[in-house]
Amino acid sequence: MSKKRGLSADEKKTRLLEIFHNSKDFFQLKELEKIAPKEKGITMQSVKGILQSLVDDHLVDSEKIGTSIYFWSFPSKVKNAKKRKLNDLQRELEECTKKLIKVEESIATESIGREPNEEREGALAALEKLTRTEENLQKELQKYRDSDPEYIAQLKTETQDLKSAINRWTENIFTLKSYIHNTFQITNDEIEQKFNIPQDLDYID
């Protein structure tokens, strides 16, 4: 014999709703945990989760009265919930339809003058050819850049600026070493070791 299939989540929700709709009464959780297994074949352990799911879906109402929480649902609530959902979907569909119409109109407008023809195809081909030619010329130009006097002069200026910056920082390090040595009576070797300063640090000519 094949094993009996258990109830799906949707089936449990439907059966639990039937308890409310058939009785048109108010229930506490512990009451539903007793009724659902006997009348609807829903395990007691799953009643709380299914009930909360129905509350989250706005299919069951709940209210705390004193220290107890009561749950209820009437057939009209499900109908109204489905009606609201239908209205929401209809509004969403209308918005999407409007956006689609605008996009189609925009595509139609932008497509004017871009219809496939020999002149346009020829212009696109020429543009693509010129683009490739420009890329090749840029590559060739880069090869000769190392021999460009202006480029070489620029490199010399940049190199001199870097050397000046390096020498400024070197001077700052020497000044700091002297300050630490005179203030804390620490040898130069200890300073270089603690601050990872190379022993051969010197100015650049």
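I count a contact when heavy atoms lie within 4.5 Å. With that rule, I looked at contacts in the chain between residues at least 6 apart in sequence: 47% of them join residues at least 24 apart.

**Ground rules.** This is a predicted model, so I read local features only at pLDDT of at least 70 and side-chain atom pairs only at pLDDT 80 or more, while totals for chains, interfaces and linings use all residues. Residues are numbered from 1 along each chain as its sequence is written, and side-chain values use heavy atoms, with hydrogens and water left out.

**Overview.** I took helices (H or I, at least four residues) and strands (E, at least two) as DSSP runs, numbered from the N terminus. The chain has seven helices and two strands. I read their order from the N terminus as α-α-α-β-β-α-α-α-α. I then checked burial (buried is under 20% relative accessible area, exposed over 50%, partly exposed in between; 1.4 Å probe, protein chains only). Of the 205 residues in the chain, 18% are buried.

I looked up histidine 21, which sits in helix α1 (residues 9-23). Its relative accessible area is 16%, so histidine 21 is buried. Its side chain makes a polar contact with the side chain of serine 73, at 3.2 Å. For that term I need a pair of N or O atoms within 3.5 Å; within protein, one must be able to donate a hydrogen and the other to accept it, and residues adjacent in sequence count only if both atoms are side-chain atoms. Threonine 14 is also in α1. I find threonine 14 partly exposed, because its relative accessibility is 44%. From threonine 14 to isoleucine 50 I get 9.7 Å, C-alpha to C-alpha, across 36 residues of sequence.

**α1 on α2.** Axes are lines fitted to C-alpha atoms, for helices over the stretch in contact, and angles run from 0 to 180 degrees between N-to-C directions. α1 packs on helix α2 (residues 29-40) at about 105°, with the axes 10 Å apart. The two helices are therefore roughly perpendicular. My cut-offs: under 35 degrees is roughly parallel, over 145 roughly antiparallel, 65 to 115 roughly perpendicular, and the rest oblique. α1 brings Arg15, Leu16, Glu18, Ile19, Phe20 and Asn22 to the contact, and α2 brings Leu32, Ile35, Ala36 and Lys40. By class, I get six nonpolar, one polar and three charged residues for α1 with α2. Here Ala, Val, Leu, Ile, Met, Phe, Trp, Tyr, Cys and Pro count as nonpolar, Asp, Glu, Lys and Arg as charged, and the others, Gly among them, as polar.

**α1 on α3.** What angle do α1 and α3 make? I find about 80°, with the axes 10 Å apart. That makes α1 and α3 roughly perpendicular too. On the α1 side I list Ala9, Lys12, Lys13, Leu16, Leu17 and Phe20; on the α3 side, Ser46, Val47, Ile50, Leu51, Ser53 and Leu54.

**Helix α3.** Which residues of helix α3 (residues 44-56) are buried? They are Ser46, Val47, Ile50, Leu51, Leu54 and Val55. These buried residues pack against α1, α2, β1 and β2. Histidine 58 follows α3 and has a positive phi, near 60°.

Two strands pair if DSSP finds at least two bridges between them. β1 (residues 61-65) and β2 (residues 68-72) pair antiparallel over five bridges. Isoleucine 65 has serine 68 of β2 as its bridge partner. The two strands form a hairpin with two residues between them, and glycine 66 in the turn has a positive phi of about 70°.
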